[in-house]
Amino acid sequence: MTHEEMWRLFSARENLTAEYEAWAFGDQADTLARLVLEGVKTATASAYPLYALEGEPLPRAGEYSVILDSQGEAVCVIKNTKVFVVPFGEVDERQAWKEGEGDRSLAYWRMVHERFFTDCMAEAGLAFDPKMKVVCEEFVRVYPG
């Protein structure tokens, strides 16, 4: 199903006229989308410097997203409940747990996110810095279910 089709079904059911974004989770799109469907993953994080570089606004609470798999197919719809910005080194155990990856520990979160952010920043011609800001989002899955 395309993201347009999923959004039409969801927005008609909820009588919404809101806008939405469609995107996939980083380099593990299928695994992370499955964790959202299972109710394990209820948060995500992204590199703050990339928003400024690309001139993109930060996500906000109340916004909807259609989550895609690695093939660009729609998996589910989420709604942001909280968005905050903290330095990488201040991301806490709660955020790591909500992201639902690996053993859900902060040590695991830091290991995989440092690697991921290093790659993303390098692609943009920037360097990872453990003091850089991170955009943390908490969300609920609203469709299906």
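## An enclosed strand

A residue counts as buried here when its relative accessible area is under 20%. By that cut-off, 5 of the 5 residues of β2 are buried, so this strand is largely enclosed by the rest of the structure. Keep in mind as you look around that the model is predicted.

Strand β2 has two faces to look at. Ala43, Ala45 and Ala47 point one way, Thr44 and Ser46 point the other way, and all are buried. Its partner is β5: the two strands run antiparallel and are joined by 5 bridges. Within this pairing, Thr44 stands opposite Glu137 of β5.

## The overall fold

Stepping back, the protein has 5 helices and 5 strands. Read from the N terminus on, they follow the order α-β-α-β-α-β-β-α-α-β. The radius of gyration is 15 Å, close to the 15 Å given by the globule rule for 145 residues, so the protein is as compact as a globular protein of that length.

Of the 145 residues, 39% count as buried. Among contacts with a separation of 6 or more, 69% are between residues 24 or more positions apart.

## The largest nonpolar core

In soluble globular proteins, nonpolar side chains tend to be buried together. Here the largest nonpolar core has 16 residues, and those with the most contacts inside it are Ala47, Phe88, Val91, Trp109, Phe117, Met132 and Val134. At least two residues each come from β2, α5 and β5, with α5 giving the most, 5 residues.

Which side chains make polar contacts with the side chain of Glu99? One is that of Trp109, at 3.0 Å, and another is that of His113, at 3.2 Å. Glu99 lies in helix α4, residues 93-99, while His113 belongs to helix α5, residues 106-123. With a relative accessible area of 0%, Glu99 is buried; His113, at 6%, is buried as well.

Leaving out neighbours within four places in sequence, Glu99 is in contact with Lys41, Ala43, Thr44, Ala45, Trp109 and His113. For His113, the corresponding set is Phe88, Glu99, Glu101 and Thr118.

## One side of helix α2

Helix α2 covers residues 29-37, and its buried residues include Ala29, Leu32, Ala33, Leu35 and Val36. These residues cover an arc of only 155° around the axis, which puts them on the same side of α2. An α-helix has 3.6 residues a turn, so residues three or four places apart point the same way.

What lies over that buried side? The cover includes strands β1 (20-24), β3 (64-68), β4 (74-87) and β5. Just after the helix, Gly39 takes a positive phi of about 80°.

Definitions and conventions: Residues are numbered from 1 along each chain as its sequence is written. This is a predicted model: local features need pLDDT of at least 70, side-chain atom pairs count only at pLDDT 80 or more; totals for chains, interfaces and linings use all residues. Side-chain values use heavy atoms; hydrogens and water are left out. Helices (H or I, at least four residues) and strands (E, at least two) are DSSP runs, numbered from the N terminus. Buried means under 20% relative accessible area, exposed over 50%, partly exposed in between (1.4 Å probe, protein chains only). A polar contact is a pair of N or O atoms within 3.5 Å; within protein, one must be able to donate a hydrogen and the other to accept it, and residues adjacent in sequence count only if both atoms are side-chain atoms. Contact means heavy atoms within 4.5 Å. A nonpolar core is a set of buried Ala, Val, Leu, Ile, Met, Phe, Trp, Tyr and Cys residues joined through side-chain atoms within 4.5 Å. The arc is that of the directions from the helix axis to the C-beta atoms. Two strands pair if DSSP finds at least two bridges between them. The radius of gyration is taken over C-alpha atoms; the globule rule is 2.2 Å times the number of residues to the power 0.38.
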